[in-house]
Amino acid sequence: MSVRPLSSANRPESTFTVVPPDKRAHAQQIFDLVALQWRDDLGRHCRDGRINYSHYDWNTSRVGVIGDNIVTHYGVYDTTIRVGSSRVRAAGVNLVVTHPDHRKQGLMPKTIWASIEAMRSRGYDISIVANAVESYYERFGYVVAWPEVHYFVRTEDLPTERPTARLRTFNTRHRPIMADLYNAENANVTGTAVRPTFLRTKEPGDLQGYLMLDHQSNITGYIIYDVVSRGSAVWHYDSAGDPEERLRIFGQIARRLDAEEVRFNRLPFSTTLASRLRLRSCYSESKYVQSGGWMIQIINLRTLFEKLAAELSARLARSSMARWSGDLRISTRNESITLTIESGHITVGPSMDSEHSIEGGEEIALLVMGTEAPHETTTAAATRLTGDAACLIEVLFPSQSPQMGNADL
């Protein structure tokens, strides 16, 4: 694809400004810029579903403008994600791009900082970047959020029985019943998004799917998939419903296509589908990276923990430390709060001195998400723990194996 140069009237000597994108004035330029970075059809995806008809946040996203031309784009999606039973507001970041004529001029950092400031002012608790480039986002306060977990099952190891549900092909667009099924199934799965998110999927027109119907034609589940690796594999994009029924359907599809395997990318460990896969012959892969991939940072420590208080209280009440009382101070590089704990109940207040404290940096976000066992997170980051904090982190921040599906960001 040829790169379209900017007009000479709008070269770097013109003023660079960062603004929220205006849907009417800027949308088509954003679509074209995204297509320059990746591929032609991604511009179409943005127009037909990836930006339009989605949870894209026009007020918190930012574009850099020179003259009349958009030269940078930092896309933000207004996403609610789960941390156990709690729900927190996440600024999901995707479609980060600079026009080829304006790279390495310091324009994207200005765009990112402006968006992060908007995240704070517009009430976000955390921010998550999808598919972050290596060795870049750390300077803005992001840290690797979790390893990507993938499951692979050979077609010969999938069920051979025919599905009991009646199947009907559909155009893979959002339906309220699909969101209801997904949300019910993942009600307490940390890292998953509360739907609806994309109303036409991120790749409108390029995915295939089936609705699962009962004898009264009620929708009881669905699957959305693609065929990849030159037809040798079926890719699970999204699904909900009875897990064994879904595996029967994937077995039927894979055999019809003569595919060698079915791939379940970014599948959370505690989902019913992952549990069912582990009862069969399959293998899983956890992809760890030192930088890049899925990255996270805390935007507002206090509002985050206010939303987590009920979940943390429940964890404490179920533990051997249920009778513990006192104050636990939690500090990041930028913020500090105090959790007041009494009779198994947690309230969040301003920072105050306490003999019990967790003093760290970006890794506090990993404790919140339960990315790894808490002692592993704090040891790796050299987090300072005082008083009973070393015991409390085991109770408050257990490993959750978080994942966010490809279908939501």
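**Group meeting: a walk through the model**

Let me start with a loop. Pro196 lies in the loop between α4 (176-185) and β9 (208-213). Before I go on, note that this is a predicted model. What is the peptide bond from Arg195 to Pro196, cis or trans? It is cis, with omega near 15 degrees. Most peptide bonds are trans. Stay with Arg195 for a moment. Its charged end sits over the ring of Tyr182, at 3.4 Å from the ring centre. There is another arrangement of this kind to look up. The charged end of Arg278 sits over the ring of Phe269, 3.6 Å from the centre of that ring.

Now two backbone angles. Most residues other than glycine have a negative phi. Asn131 has a positive phi, near 55 degrees. Asn131 is placed in strand β5. Its relative accessibility is 42%, so Asn131 counts as partly exposed. Arg266 also has a positive phi, near 55 degrees. Arg266 is in the loop between β12 and α6 (272-277). Is Arg266 buried or exposed? It counts as buried, because its relative accessibility is 10% and the limit for buried is under 20%.

On to the sheet. Seven strands form an open sheet, and the pairing is mixed. The order is β1-β2-β3-β4-β5-β14-β6. Which strands are at the edges? They are β1 (16-19) and β6 (143-144), each pairing on one side only. Inside the sheet, look at β3 (residues 69-83) and β4 (residues 86-98). They run antiparallel and are joined by eleven bridges. To find your place on the screen, pick Thr80, whose bridge partner in β4 is Arg89. In a regular strand the side chains alternate between the two faces of the sheet.

Helix α3 (residues 107-121) lies across β1, β2 (62-66), β3, β4, β5 (126-132) and β14 (293-298). Relative to β3, helix α3 runs at about 35 degrees.

Next, the packing. The largest nonpolar core has 61 residues. Those with the most contacts inside this core are Ile51, Ile128, Phe305, Ile330, Leu339, Ile358 and Phe397. Which helix gives the most to this core? Helix α7 (residues 301-317) does, with seven residues. Leaving aside neighbours within four places in sequence, Ile128 is in contact with Ile81, Ala91, Gly92, Val93, Trp146, Trp294, Met295, Ile296, Met404 and Leu409.

Strand β7 (residues 148-154) comes next. How many of its seven residues are buried? Six are, and the strand is mostly covered. Five bridges join β7 to β13 (residues 283-287), antiparallel. Glu148 has Lys287 as its bridge partner in β13. Five bridges also join β7 to β12 (residues 261-265), again antiparallel. There, the bridge partner of His150 is Asn265.

Now the aromatics. A pair of aromatic rings is described by the distance of the centres and the angle of the planes. The model has 13 aromatic pairs. Why is the pair of Tyr136 and Phe140 called tilted? The centres are 5.5 Å apart and the planes are at 55 degrees, so the pair is tilted. That angle falls between the cut-offs, since planes under 30 degrees apart count as stacked and over 60 as edge-to-face. Both Tyr136 and Phe140 are buried. Tyr137 and Tyr142 form an edge-to-face pair, 5.8 Å centre to centre, with 90 degrees between the planes. Tyr137 counts as buried at 4% relative accessibility. Tyr142 is buried too, with a relative accessible area of 2%.

Last stop, Arg246. Arg246 is in helix α5 (residues 243-257). Buried or exposed? Arg246 counts as buried, at 1% relative accessibility. What does Arg246 touch, not counting residues up to four places away in sequence? The list is Glu185, Met212, Tyr222, Ile223, Ser239, Ala240, Gly241, Thr272 and Leu273. For scale, Arg246 and Ile70 are 44 Å apart in space, C-alpha to C-alpha. In sequence, Arg246 and Ile70 are 176 residues apart.

Conventions. Residues are numbered from 1 along each chain as its sequence is written. This is a predicted model: local features need pLDDT of at least 70, side-chain atom pairs count only at pLDDT 80 or more; totals for chains, interfaces and linings use all residues. Side-chain values use heavy atoms; hydrogens and water are left out. Rings of Phe, Tyr and Trp (its six-membered ring) pair if their centres lie within 6.5 Å; planes under 30 degrees apart count as stacked, over 60 as edge-to-face and the rest as tilted. Buried means under 20% relative accessible area, exposed over 50%, partly exposed in between (1.4 Å probe, protein chains only). A charge sits over a ring if NZ of Lys or CZ of Arg is within 6 Å of the ring centre and within 35 degrees of the ring normal. Helices (H or I, at least four residues) and strands (E, at least two) are DSSP runs, numbered from the N terminus. Contact means heavy atoms within 4.5 Å. Two strands pair if DSSP finds at least two bridges between them. Axes are lines fitted to C-alpha atoms, for helices over the stretch in contact, and angles run from 0 to 180 degrees between N-to-C directions. A nonpolar core is a set of buried Ala, Val, Leu, Ile, Met, Phe, Trp, Tyr and Cys residues joined through side-chain atoms within 4.5 Å.
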